[in-house]
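I have a new structure open and a notebook beside it. These are my entries, in the order I looked things up.

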Amino acid sequence: TWELEKLEISESSGFDLLSWLSSHWKALTTEVWVGSQNKRGYTLALVECDTTSVLPLPLSSVPNAVEFRIATACNLYSENQLATWVRVVTEDALVPDPETDDWWRVVSETTDNHFPGADVQMAQLKKSDEPLRTGDLLITRHSNLAFHVNFHIILEEKDKSDASQYTDPRSTLFTAFTHSLVMADETGISLLCAPFAVNSAKLRRVSEDQSMVCMLKALKLFMADNSSATNGSLKTIVLLVPPTEGSASFHKAVNLLK
C-alpha cells in the first residue's frame with residue numbers, strides 16, 4: 001500500500017536541489033509512505049519547467065546560485081547525496097550534437113574539471129564489447145551540471161528494426177525506468193529527476209500521456225517492491241512536466257499522481 005499526504009504547492013527556499021527547483025518553478029510536492037508499517041518514505045515532486053532550464057548549473061548572478069553551486073560541488077563525491085538526471089534517447093544521441101540536442105549543448109557549454117568530457121565518456125561506452133540494445137541503461141558522471149550522475153535510457157529508432165522484432169516503447173520505458181530507480185537506490189543517489197517528455201522524431205512514438213502513465217506505474221511498482229528496504233539511498237523523485245498553456249499537462253500529471 002502507499003499513502004499520499006495532502007498535496008500542496010511548495011514555497012520553500014534553500015540550497016538543496018528540490019528546494020531550488022520549487023523556488024524557481026511551479027512545483028507540487030508530497031510525502032509518500034509505503035509498507036504496512038510505513039517503514040519507508042519518499043518525497044515526490046512534480047515541477048513544471050523546461051528541461052534546459054534545470055540541467056545546467058545556475059549562473060552566479062542568479063539569487064542563491066553561488067550557495068547552490070557550492071552545495072552541488074560538496075556533494076560530488078559524497079555518499080547518499082548524489083543527484084541523477086534520467087535521459088531517454090536513441091543510440092545516435094550518444095554522438096555529440098550540440099546544435100540539435102539540448103543535452104549536448106548544455107554539457108558542452110562548460111568544462112568538466114572532475115571527470116572526462118561527455119564525448120569521451122560516451123565514446124568509451126560505445127566501445128563496449130556488447131552492442132547497445134533498446135532498454136539499455138548507460139551512466140555518465142558530470143561536475144558541470146546540476147545533476148552529478150546522468151542515466152541514459154536507450155530506445156530504438158522509429159524505423160530501425162523490422163516488425164518481427166518490434167518492441168513496444170511503453171513496455172521498454174516502463175522496464176528501463178524501473179531499473180533506473182533501483183540502480184539509483186543501490187548506488188548512493190538520493191535524488192532522481194526525470195522529464196516526462198520523451199517524444200523525438202527518431203523515436204517510436206511515445207505520447208506525453210503514455211510516458212506519464214508508464215513512469216508513474218514504474219514508480220509505484222518500485223516503491224511497493226522496496227517498502228521493507230530501509231537501507232536504500234533514494235529519498236526524492238522529481239518528475240518534470242513540460243510547460244503548456246494553462247498548465248494543462250501539469251494538472252494532468254497531478255491527477256495521475258493521485
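**Entry 1: the cores.** I began with a definition: a nonpolar core is a set of buried Ala, Val, Leu, Ile, Met, Phe, Trp, Tyr and Cys residues joined through side-chain atoms within 4.5 Å. Buried means under 20% relative accessible area, exposed means over 50%, and partly exposed is in between, with a 1.4 Å probe and protein chains only. I also noted that this is a predicted model, where local features need pLDDT of at least 70, side-chain atom pairs count only at pLDDT 80 or more, and totals for chains, interfaces and linings use all residues. Residues are numbered from 1 along each chain as its sequence is written, and side-chain values use heavy atoms, with hydrogens and water left out.

Which residues have the most contacts inside the largest nonpolar core? I found Leu46, Phe177, Leu192, Phe196, Ile237 and Leu239, in a core of 39 residues. Helix α7 (residues 208-225) gives the largest share of this core, eight residues. Helices (H or I, at least four residues) and strands (E, at least two) are DSSP runs, numbered from the N terminus.

I then looked up Leu46 by contacts, meaning heavy atoms within 4.5 Å. Leaving out residues up to four places away in sequence, Leu46 touches Lys26, Ala27, Leu28, Phe196, Leu239, Val241, Phe250, Ala253, Val254 and Leu257. There is also a second, separate core of 34 residues, and Ala45, Leu94, Trp104 and Ala146 are among its members.

**Entry 2: the whole chain.** I counted up the elements and got eight helices and nine strands. The protein has 258 residues, and 49% of them count as buried. Among contacts with a separation of 6 or more, 71% are between residues 24 or more positions apart.

**Entry 3: aromatic pairs.** Rings of Phe, Tyr and Trp (its six-membered ring) pair if their centres lie within 6.5 Å; planes under 30 degrees apart count as stacked, over 60 as edge-to-face and the rest as tilted. My search of the whole structure gave three aromatic pairs. Why is the pair of Trp85 and Phe147 tilted? The ring centres of Trp85 and Phe147 are 5.2 Å apart and their planes stand at 55 degrees, so the pair is tilted. This pair links distant parts of the chain, 62 residues apart: Trp85 sits in strand β5 (residues 82-89), and Phe147 in the loop between β6 (137-141) and β7 (149-154). Trp85 is buried at a relative accessible area of 4%, and Phe147 is buried at 0%.

Next I checked Trp103 and Trp104, whose ring centres are 5.0 Å apart with planes at 85 degrees, so that pair is edge-to-face. Trp103 counts as buried at 4% relative accessibility, and Trp104 is buried at 1%.

**Entry 4: Thr72.** I found Thr72 in helix α3. Is Thr72 buried or exposed? Thr72 has 9% relative accessibility, so it counts as buried. Setting aside neighbours within four places in sequence, Thr72 is in contact with Leu57, Leu145, Ala146 and His148.

**Entry 5: Ser190.** Ser190 lies in strand β8 (residues 189-195). Its relative accessible area is 13%, so Ser190 is buried. Which residues does Ser190 touch, not counting residues up to four places away in sequence? I listed Asn80, Gln81, Leu82, Ser233, Leu234, Lys235 and Thr236.

**Entry 6: helix α1.** I looked at how covered this helix is, and six of its eight residues are buried. Those buried in α1 are Leu17, Leu18, Ser19, Trp20, Leu21 and Ser22.
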